[in-house]
Amino acid sequence: ATADFQFRSVAIDDLTPTGAQIAATAGHAPAQQVSVLRWLDNHELEDIRPNEIADLRSGSRRFLVVESD
């Protein structure tokens, strides 16, 4: 989703992508400053670092990817 909570579906083949892979799949270039936030089932947000793995086999598969500074 974007900062205005417009979610869209994207396909990713890796069930353990990094934050950088999620950002790239969402259409962001590596040079862009973005934050990847996992939308948890309890509606809290969890920051996913560019080199951190997000295990898609369990838990929420919804992410917010927004430009940051």
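**Close-up 1. Arg-57 and its salt-bridge partner, Asp-55.** With a relative accessibility of 58%, Arg-57 counts as exposed, where exposed means over 50% relative accessible area, buried under 20%, and partly exposed in between (1.4 Å probe, protein chains only). Its side chain meets that of Asp-55 in a salt bridge, 2.9 Å from N to O; the term covers a side-chain nitrogen of Lys or Arg within 4 Å of a carboxyl oxygen of Asp or Glu. Asp-55 is partly exposed, at 26%. This is a predicted model, so local features need pLDDT of at least 70 and side-chain atom pairs count only at pLDDT 80 or more, while totals for chains, interfaces and linings use all residues. Residues are numbered from 1 along each chain as its sequence is written, and side-chain values use heavy atoms, with hydrogens and water left out.

**Close-up 2. The salt bridge of Glu-52 and Arg-49.** Here the N to O distance is 3.4 Å. Glu-52 is buried at 18% relative accessible area, whereas Arg-49 is partly exposed at 47%. By the salt-bridge rule, the count comes to 2.

**Close-up 3. His-28 in its loop.** Look for His-28 between helix 1 (19–25) and strand 1 (34–39); helices (H or I, at least four residues) and strands (E, at least two) are DSSP runs, numbered from the N terminus. His-28 is buried, with 17% relative accessibility. Its side chain makes a polar contact of 3.4 Å with that of Gln-32 (a pair of N or O atoms within 3.5 Å; within protein, one must be able to donate a hydrogen and the other to accept it, and residues adjacent in sequence count only if both atoms are side-chain atoms). Setting aside neighbours within four places in sequence, His-28 also touches Ala-23, Val-34, Val-65 and Glu-67, with contact meaning heavy atoms within 4.5 Å.

**Close-up 4. The open sheet of 3 strands, in the order 2-1-3**. Pairing is antiparallel, and two strands pair if DSSP finds at least two bridges between them. Strand 2 and strand 3 (63–67) sit at the edges with a single partner strand each, so one side of each has no neighbour in the sheet. From one strand to the next, the twist averages 30°; axes are lines fitted to C-alpha atoms, for helices over the stretch in contact, and angles run from 0 to 180 degrees between N-to-C directions.

**Close-up 5. The hairpin of strand 1 and strand 2**. These strands pair over 4 bridges, with Val-36 opposite Ile-48. Between the strands are 5 residues, and His-43 takes a positive phi near 75°.
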